[in-house]
Amino acid sequence: MSDTPSLNNEFAKLSLKEKIAYGSGDLAQNLIFGTIGGFLLVYLITVNTLSTAAGATIFFIVKWINVFWDPWVGTVVDKSKITKNGKYRPYILRFGIPLTIIAAFLFLPIEATKGSFLYAFLSYLATALIYSFVNIPYGSLNASLTRDNSEITEITTIRMTMANVANLLVYTLFPLFIQLASPHQSLRDIGFFGIQLNLGNYMTPDAGFAWFKVYAVYMTIGFIALIFCYFGTKERIFPKENSESKIRYIDLILELKNNYPLRILGLFFLISFIFMFFGNTVWPFYMNYNIGHQEWMGTIGLIGSLPGIFLVALWPYLRKTLGKKRFFFVFLGIFIIGQLLLYIWQFDSFKDSPTLGYIGRFFQQWGLTSATGFMWALVPEVINYGEFKSKKRVAGIINSLMGLFFKIGLALGGIIPAYINAFFGFDGTKESQTLQALSGINISMIWMPIILAIIAGFVISLYPLSDEEIEKMNINITTNK
């Protein structure tokens with residue numbers, strides 16, 4: 001193992017540049033794959049003219065393939081040799097290039113692909129499989145930068161700030177940019193201090209080229225951010241020498257069996273991502289049909305993105321003041337308040353003014369981004385716990401499990417609302433929907449996420465690791481290396 005980097009300070013204090021470089025990887029993945037998760041279903045059933053059920057089925061099949069694919073990828077990553085460039089960083093560069101190229105095929109605006117179930121399925125499948133070879137090593141890199149708990153909190157804070165900048169670009173500005181590039185434009189009030197813009201309808205079959213142009217720009221920015229992540233970070237924590245030969249696929253089962261904190265955190269991940277992607281998937285439908293103002297998506301989303309960018313800096317203080325568990329309880333409660341305000345917004349007395357939408361979206365996103373963002377700070381804890389118990393550091397396997405929970409949550413958060421829409425009679429070819437279809441959108445947008453948030457709060461109450469226990473484990477691990 002001559003390429004193994006020299007001894008490092010495993011409790012290192014990282015520079016601001018390195019923290020930003022690591023966070024840029026999350027920004028990149030949100031721009032490339034987060035856009036797909038948030039808008040591909042809308043694109044497939046309105047622009048690409050697939051049926052609602054067909055779009056949901058594509059998501060369902062691909063995500064179940066990921067159930068078996070991701071653990072294998074995690075094992076491959078953990079068994080890979082340590083090189084002079086590290087163990088996980090090389091994957092970001094090696095697979096970031098094909099990911100960026102193949103993702104473009106999802107929105108290819110040519111007639112031959114329009115309405116083709118097979119083309120949509122194969123292009124999405126290829127993108128998802130390659131994405132695993134970027135996402136899992138990236139997540140593993142987080143636990144390889146330092147063992148210092150306060151540094152991990154700061155890394156997570158900066159990472160989530162950059163992820164939420166990407167979310168601003170994706171969920172707020174992406175549909176606005178597409179509307180600016182779409183045909184059949186008219187001057188419309190965007191609900192922000194009387195500003196009017198020429199906007200087209202981005203949910204029609206002739207808007208395909210507009211989608212491709214905007215997504216091409218996002219992919220380019222995302223690839224540059226991946227490169228910065230690769231060159232700007234340094235791995236310091238490595239498994240024991242030659243330990244990769246002892247890693248087996250069955251270690252995934254053993255980790256699930258023996259690592260109780262992993263099981264609790266994984267379940268929290270799963271539930272949280274389900275209700276997150278319920279909202280992300282249904283939000284364009286809710287704005288277009290229940291509220292009736294798709295032109296406000298950009299400005300309502302802009303207000304909603306503010307806490308995820310500017311209030312994330314409060315996380316270290318709030319974590320220290322409230323403790324880990326109460327942090328989650330508080331922000332899940334704030335999320336539920338925002339949900340209820342958004343529900344009231346659709347009433348006739350309110351829906352022709354964006355004011356209640358601003359307030360509801362602000363609270364909803366503040367609670368959501370805080371609860372689902374801060375949970376990533378717990379991943380290094382369960383990795384270290386697993387290393388302490390099994391004497392094996394299987395960061396790739398554990399991150400593949402977390403990625404698996406994330407992708408199942410993403411899939412269910414996209415699939416279930418689509419089937420709910422189909423069950424309640426949603427018709428993507430119509431400009432307005434029946435009352436029954438609108439009630440189906442309400443179930444997916446408001447009520448299911450509230451129920452799941454309450455369940456998530458109960459699950460995280462069972463998380464067993466305290467800061468004192470984690471500190472003792474880390475000292476024990478480093479002492480016995």
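Student: Why is H184 called exposed?

Tutor: Relative accessible area decides this, and in the scheme used here buried means under 20%, exposed over 50%, and partly exposed in between, with a 1.4 Å probe and protein chains only. H184 has a relative accessible area of 62%, which is over 50%, so H184 is exposed. This is a predicted model in which local features need pLDDT of at least 70 and side-chain atom pairs count only at pLDDT 80 or more, while totals for chains, interfaces and linings use all residues. Residues are numbered from 1 along each chain as its sequence is written, and side-chain values use heavy atoms, with hydrogens and water left out.

Student: What makes T49 partly exposed?

Tutor: The relative accessibility of T49 is 42%, which lies between 20% and 50%, so T49 counts as partly exposed.

Student: How do you know that P261 is buried?

Tutor: P261, in helix α8 (residues 260–291), has a relative accessibility of 1%, and this is under 20%, so P261 counts as buried. P261 touches V382, Y385, Y463, P464 and L465, leaving aside residues up to four places away in sequence, where contact means heavy atoms within 4.5 Å. P261 and P464 are 203 residues apart in sequence, while their C-alpha atoms are 6.3 Å apart in space.

Student: Why are S444 and E151 called buried?

Tutor: S444 has a relative accessible area of 0% and E151 has 5%; both values are under 20%, so both residues are buried. S444 is in helix α15 (residues 435–460), and its contacts beyond four places in sequence are F278, V282, P417, I420 and P449.

Student: What makes the link between R147 and E387 a salt bridge?

Tutor: A salt bridge needs a side-chain nitrogen of Lys or Arg within 4 Å of a carboxyl oxygen of Asp or Glu. The closest N and O atoms of R147 and E387 are 3.3 Å apart, which is within 4 Å, so the pair qualifies. Between domain 1 and domain 2 the count is one salt bridge.

Student: How is the chain divided into domains, and how much area do they bury between them?

Tutor: An automatic or database domain assignment gives the bounds, with domain 1 at 15–237 and domain 2 at 248–480. The contact takes 62 residues from domain 1 and 65 residues from domain 2. Together the domains bury about 5,300 Å², 65% of it on carbon and sulfur atoms; buried area is the accessible area (1.4 Å probe) that two parts lose on being put together, summed over both. R147, N164 and Y171 supply 12% of the area that domain 1 buries against domain 2, more than any other three residues.

Terms used:
Helix = DSSP H or I, 4+ residues; strand = E, 2+ residues; numbered from the N terminus.
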